[in-house]
Amino acid sequence: DSEQQVVALRTQLQAANDEQAVLKDALSEANKKATLQAQQLSDAVVERTGLHAKISAQNNELQSNVTSMAEIIAVRDQLKSEWEQLRTQQHKARLKHAAAEKAAEG
């Protein structure tokens, strides 16, 4: 009777050991997958950080271009204004010259 109990306990112990080995293997596989996923996540974070840096650099360049364009437009507008003033002065000078020639003739 006690020998049957010993055999039964040994059988239960062997079954528990087998189950423990299966669980260890499953845990090992789960750890490998988790490690791989953690590495993939880390890589994704690095890639995302790189993309953010690129976007930031492009935004800075775009802002610089917008500023440059605004400066160019301001200079263009200033030159336009000066050109119009010169044309007006030239027109007035021509009128005075024509009037002076008429006065000299008359």
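Lys 32 is exposed, at 52% relative accessibility. Exposed means over 50% relative accessible area, buried under 20%, and partly exposed in between (1.4 Å probe, protein chains only). Glu 29 is partly exposed, with a relative accessible area of 41%. The side chains of Glu 29 and Lys 32 form a salt bridge (3.6 Å, N to O). A salt bridge is a side-chain nitrogen of Lys or Arg within 4 Å of a carboxyl oxygen of Asp or Glu. Both residues lie in helix α1, three residues apart, about one turn of the helix. Helices are DSSP runs of H or I with at least four residues, strands are runs of E with at least two, and numbering starts at the N terminus.

The model is predicted; local features need pLDDT of at least 70, side-chain atom pairs need pLDDT 80 or more, and totals for chains, interfaces and linings use all residues. Residues are numbered from 1 along each chain as its sequence is written, and side-chain values use heavy atoms, without hydrogens and water.

Three salt bridges are found in the whole structure. One of them joins Asp 77 and Arg 76 (3.0 Å, N to O). Asp 77 is partly exposed, at 37%. Arg 76 is also partly exposed, at 44%. Another joins Arg 87 and Glu 84 (3.9 Å, N to O).

The protein has one helix and zero strands. Its radius of gyration is 45 Å, well over the 13 Å that the globule rule gives for 106 residues, so the protein is more spread out than a compact globule. The radius is taken over C-alpha atoms, and the rule is 2.2 Å times the number of residues to the power 0.38. Buried residues make up 0% of the 106.
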